[in-house]
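Subject: Structure handover

Hi,

Here is the structure I promised to pass on. Have a look at it first, and then read on for what turned up in it.

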Amino acid sequence: MMSTIIWPPIAPAALAAETASSLARELDWLLAELQDTLQSLKAGLSECAALLAPSDTPSTLALSSHRSEALKGYVTRVGTHIVKGDVKLRLGSLPPPKGLAAYPLVVSGEPGAPVLALQQLAAVRSRIDACLDVVDVSTWAGDAKDAGFIAGQMRLLDVNLAEAKRMLKGEGDVGTQWWQEPVDYNTFDPPLPSNVSFHLSIVDAALRLEIRTLEPATPPADYHSAFSLNRLAVALGTVRVQHHDELGQTFTYKGHEVKVREKIRVESQDPNLMSALAKLNALERGVGLGRKALDIAMGRDGDE
């Protein structure tokens, strides 16, 4: 039978000192390894930034409604902006101009036209840039052998990566709601009709377009537009009620109380955004493993 007793015996103080020295050497080794990890993270972050940056090969994304001809078209993304777009709508509440089969929404190419920006992608870029700054500070500006400092920097990386992922996946309260920051009418040529809302967002690394036709929440007594006639047609049963998840709700849009008449939503997968999300997932896992190893070496429980 083997014994686990050390011979000759080591005094408790000497054992404690030897244990502390061993842990210190392990921590020094880990801090040196983390410098290599940080450089790998920087390379991955730079790749993510490149996928979201303007390039010579813009992303042109097809848009099409399922099982109907209600919406057909495309948009072209360059970096965090939509620079081209042509969408054709066939909605009962939006009659097309005379001589056309569908209502055209064309992103203006005029130099002075308002920019159609994707705020979520701008926020993702900002978080990635913040991560790159953290890596540079960890490498050049701070003490790479200070475990507390490196632990704090790794936590900053974790927070910013998680927020970048959340923005790219469209989770929680990210971006703006469609009624909060309406697109400028003059972003389109001809201008967007005043009763139409055009809203772009990012969900699961896909571009989501939502089109809504609107009507006053409380029409005045002398309100005799096509919407009023349409309501009469609905009452007579000659036009079907358009069912959607915002039916009956009231929103404040450009200073007016409105309701949503018709709503259509389409999504288009963006290969560059999908690749960026996959890279962010991998980078977040790497940072998480680094933080866990550092917590163990520092004798932390991971909650500090």
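Before the details, a word on pairing: two strands count as paired if DSSP finds at least two bridges between them. Strands (E, at least two residues) and helices (H or I, at least four) are DSSP runs, numbered from the N terminus. Please keep in mind that this is a predicted model, where local features need pLDDT of at least 70, side-chain atom pairs count only at pLDDT 80 or more, and totals for chains, interfaces and linings use all residues. Residues are numbered from 1 along each chain as its sequence is written, and side-chain values use heavy atoms, with hydrogens and water left out.

Let's start with the sheet. Strand 6 and strand 7 (residues 206–216) run antiparallel and are joined by eight bridges. For instance, V196 has T213 in strand 7 as its bridge partner. Four strands make up this open sheet, in the order 6-7-9-8, with antiparallel pairing. Strand 6 and strand 8 are at the edges with a single partner strand each, so one side of each has no neighbour in the sheet. From one strand to the next, the twist averages 45° (axes are lines fitted to C-alpha atoms, for helices over the stretch in contact, with angles from 0 to 180 degrees between N-to-C directions).

Now the aromatic residues. Searching the whole structure gives five aromatic pairs. Rings of Phe, Tyr and Trp (its six-membered ring) pair if their centres lie within 6.5 Å; planes under 30 degrees apart are called stacked, over 60 edge-to-face, and the rest tilted.

One of the pairs is W179 with F251, which is tilted, at 5.1 Å centre to centre and 40° between the planes. W179 sits in the loop between helix 3 (147–169) and strand 6 (196–203), while F251 is in strand 8 (residues 251–253), so the pair ties together parts 72 residues apart in sequence. W179 is partly exposed, at 27% relative accessible area, whereas F251 is buried at 8%. (Buried means under 20%, exposed over 50%, and partly exposed in between, with a 1.4 Å probe and protein chains only.)

Another pair, F188 with F198, is edge-to-face: 4.8 Å centre to centre, 65° between the planes. F188 is in the loop between helix 3 and strand 6, and F198 is in strand 6, 10 residues apart. F188 is buried at 3%, and F198 is buried at 4%.

Finally, W178, W179, F251 and Y253 form one aromatic cluster.

Happy browsing!
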